[in-house]
Amino acid sequence: MNIIWLISREILAWPFWWYSYGWSFWMKYWGRWLKKQGHSLALLVWIKNIFVPMYGQRDIWSFIISFVVRLVQIIVRLAIWLICVAVTVIAIILWPLAPLMIFYYLYILYYGGRK
Amino acid sequence: MADENKINGWFVCENCHGLGVDNGRPCRNCKGWGVGWFGANCWFFVDWPTRWQKLKEKLISQKILNILDVLIYLAAISGVIVIVWYIGQATSWFINWSAVGTVDWWIQPVWPLRWLAWSAVFGLLTVYRLIKNSQIARLPRWPDVEVAMPLDWPGVFELPSRNKLNVIDYLPQEIFSSLARATVRAGQNKVDQVSPEGWFGVLLNDSLVKALLFRLNLNGQDIADKLKKYEVKGENHSLTVSLSSEVKIALIQGVASAWSTNDLPLSVDFLAPLIHHSSLVKEIIYDLGAKEEQFAAVANWFHINRHLAKTYKQMRDLAQFKPSSNMDRAYTAKATPFLNHYAHDLTLAAKNNQLPLCVARQKELSQILDAWSAGRLGIILVGSAGVGKTSLVYGLAQLMVEENVPSFLQDKRLVEVDVPSLIGGVSPEEAQANLERIIVEVNQAGNIILFFDQVDKIAGLTVGEEQSLDLSDILANALQRGALRCITTASMENYRKYIAERLLGANLAKIDVTEPDDQQLMIMAEHWASYWEKRWGVVFTYAALETAKMVSERYTTEPAQPTRLLGVLEGSARLALRQPGVKLVSEAVVREYASKEFGVPIEQVGREESEMLLNLEEIIHKRLIGQEEAVNMVAASLRRARVELRDTNKPIANFLFLGPTGVGKTELAKTLAEVYFGDEEAMIRLDMSEYQLLGSVNKMIGHDEEAGYLTEAVRQHPFSLILLDEIEKAHSDILNLFLQVFDDGRLTDAQGRTIDFSNTIIIATSNAGAPYIMEAVQQGVDFNAIRQHIIDNELVQVMRPELINRFDGIVVFRPLTMEDMVAITNLQLQKIGRQLAEKNINFEVTEQGLAYLAKAGYDPKFGARPLRRLLQDTINNVLAEKLLAKELKRRDTVIINEDGQIEIRSAQQL
């Protein structure tokens, strides 16, 4: 009996785990992913150097071209960053919704369906 | 009451003797803990469930859960298979997708879709189980509030809860399970406590422990079988089993040792503490040839491997963000086409995993970063060849890839300038122009740190009229005006000669790179052993690492550590690659490699050699007649040397042979050379009469660029016999050199290299006192008295007493008796007989002929020397003439008649 109780406890703890430790784990995972993407995009590096000419070219035209290129880079990278943020948010929201969606689907398959 | 069992922070309860249980109930004095340790601002204790039945149930439920996990995973996957099949059916095997594209299709109350939904539920369970099972134990959060060490148990109870750590809470699952199994076994054996042997026996089944035993060349089954013989069964019918105080102490020690390396505890961490607390296990281990310290050392090795793997993975992860081109991440740098022609990007090489990891050099790396942080722009690493200066620079490149550096180094490149190509084949003016151009490019780029290996090569190249500008001054000027940041290397000697007193020396912050200490060396050995294991598929035993370290320290002095040690390890690994099956690098393989590499017989003594060493005297006497004392002394010293039972800081042995000429002093040395070193000529022979002048020291140890005869010979052949003939004739300065050799086993040659004499046998011969010996022997004086007289009266006139005192043995060789002469003559004639036998010619010697030749060949003044000339004249020369004149043919017999003359008895014609 004790063994059955130990096993059942482990399985029945699932919903509590899912909405506490599991969700926290999921959020941390996506947080790390977002941080990695941010590091890869180096958005702040481009913003900090927006007025610094590229390739060490210091004549006026190089400066103008450099500024324009940097501006475009910043806009594109910002857009990618925002997409990453959106993906992260969706992923984080999906976690608590996933069991609800699956059980709702089960309900439809057994009790919903065609009238 | 104050607890008196408090040693080094350990508390053992007096009341329950560390068990934690008193009459079946938790001990009141220690609240059931029994044992604890206060250290690192924390109280470590063990709160272990005592009901063994419950632990058994927990173990069983864990096994069932493992099986259930597999079923859950399969259930989750099955849904995918079923839906793929169902979709296939609906779409005529993936051709017509129209039906499947509607919502209605997906909400049909059919069994495949229901199966899919249920498998999705199992999918959620799968995620839950996978994440939960992957959760390993955590490291504790150390309390930041300091507390004083308690003086007694009540003091312990008053500690804040954040300063108390139950080590059980932090045990990884597999260790918890092993302890649980040991507890259950104790319960089933009806004993009331888990003994160290009990837990040790269970740990033998752990895979990591098996790996450790393999490293120590031990068989776990042997140990388990021996332990089983001593397994205790009791009469305890209680439901509770406690951990013995020794097991609790071992638990705390193992966990603390792992945490000190900032890593989670492994099963192997508990082996050494358990051995320490169990005399039975200790005896078993020692019987099998292992030591307790080796278990701790290999456990530490496992932690080092884990740490390095983690560091490596972190570096690879961070390397992704480092640019692969010459640009920095902000694209502000300028291109450096000229520099690229002469340089090699180390940060790029590190990013692409082309540089070896720098290990156990955190202190030196910190010194480099500190020097730069303090405002110095130039750094020079000074140390002997092989000490790891370049390896340190590679370590710096790796830190720069991880961006684990101060801000002024972040997003920068470390570029090595190829100094030989910069200055090779061009005039000094061109070299100057090249260097200046590089400096300008680097200054403009702004994201480059330069590395000059052996920067002393650019010193001394002068340019301009009256040699006004040294190339190193150009670099120095650039550093002075802040045009660049650089790191350089140089050997100690070259630093002193070419850098220290110059402008460049003043602009470079000097960092001494010394040989690593023992601990660092072992960490390096362990790391590189793991590297070669992965690369070549070999396996190192721990004994192999220890032996490699010993060998690299004892039998060679160049280059510096750690290159010496790593050279031995790599060479041994390559040797092991030739083995069939498992490529094991054991102690024997290392010894075999070292023997070949250093010319010193340190491979394990085989049976043949063993027999030879035990019968060495007999073997020597086949060639040398008489002089038993000398032969015994020399043979004994060789035996001691071979089993390494001697002082390794001195030569193997040094002897002084005294006696008249021609009695066998040099002959013994030659015999030893032939018997043990394989060739009569395999000895370093110095005729000391050639070293009578003061300047002769230079001949021996070298002068300026010229190598010395003795030092070079020993350097090339560290294991050799040195024969110093007629030592009394050498100049006293020469003899003083040998004072140092006999004491320290070392000599420094003219090039400053230390020559190791600790694997040599030194035999000095002298004719001092020869007339006295002849006379005293005739008068029948005791031999010891003769020797003492010579030492006190004759030798002191030619040698300082402190040198005489340093000989391991002073042997007086007896003048030869007629019996000896007959035996010697017989030996020489047998040699001639063997030569004739090769030509199929028989050889006979009459007794009278033998006696005649022996008598004729002996001269009291010259010993047995005239015999050789006599045999040559009367036997060899005559035989040669007869052979050439065809008077002596195959199957003939040569007879030495009673006059010592040759007679030939022709064979019958066939």
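Mentor: Happy to. Helices (H or I, at least four residues) and strands (E, at least two) are DSSP runs, numbered from the N terminus.

The model is predicted, so local features need pLDDT of at least 70 and side-chain atom pairs pLDDT 80 or more, while totals for chains, interfaces and linings use all residues. Residues count from 1 along each chain as its sequence is written, chains are lettered from A and ligands numbered from 1 in the order written, and side-chain values use heavy atoms, without hydrogens and water.

Asn759(B) has 2% relative accessibility and counts as buried (under 20% relative accessible area; exposed is over 50%, partly exposed in between; 1.4 Å probe, protein chains only). Leaving aside residues up to four places away in sequence, Asn759(B) is in contact (heavy atoms within 4.5 Å) with Arg554(B), Tyr555(B), Val600(B), Arg646(B), Ile652(B), Pro718(B), Phe719(B) and Ser720(B).

Now step back to the chain around this loop. Chain B holds 38 helices and 31 strands. Of its 910 residues, 50% count as buried, and the C-alpha trace of chain B spans about 130 × 95 × 80 Å along its principal axes. Take the contacts in chain B between residues at least 6 apart in sequence: 74% of them join residues at least 24 apart.

Salt bridges (a side-chain nitrogen of Lys or Arg within 4 Å of a carboxyl oxygen of Asp or Glu) show some of these links at the level of single pairs. The count over all chains comes to 30. In one of them, Glu533(B) meets Arg215(B) at 2.2 Å, N to O. Glu533(B) belongs to helix α22 (residues 518-536) and Arg215(B) to helix α7 (residues 207-215), both of chain B, so this pair ties together parts that are 318 residues apart in sequence. Glu533(B) is buried at 14% relative accessibility, and Arg215(B) is buried at 11%.

Another pair is Asp263(B) with Arg306(B), whose closest N and O atoms are 2.8 Å apart. Asp263(B) lies in the loop between α9 (245-260) and α10 (271-276) of chain B and Arg306(B) in helix α12 (residues 292-319), so parts 43 residues apart in sequence are tied together. Here Asp263(B) is buried at 12%, whereas Arg306(B) is partly exposed at 36%.

A further bridge joins Asp743(B) and Arg806(B), again with closest N and O atoms 2.8 Å apart. Asp743(B) is in helix α32 (residues 732-744) and Arg806(B) in the loop between α35 (801-805) and β28 (809-812) of chain B, so the pair links parts 63 residues apart. Asp743(B) is partly exposed at 30%, as is Arg806(B) at 28%. Salt bridges that share partners also make one network of Glu10(A), Asp69(B), Arg129(B) and Lys132(B).

The rule finds two salt bridges across the interface of chain A and chain B, and Lys132(B) meets Glu10(A) in a salt bridge at 2.7 Å, N to O. The elements giving two or more residues to the side of chain A that touches chain B are α1 (2-12), α2 (14-41), α3 (43-48) and α4 (60-110) of chain A. Of these, α4(A) gives the most, with 11 residues. In total, 37 residues of chain A and 37 residues of chain B take part in the contact.
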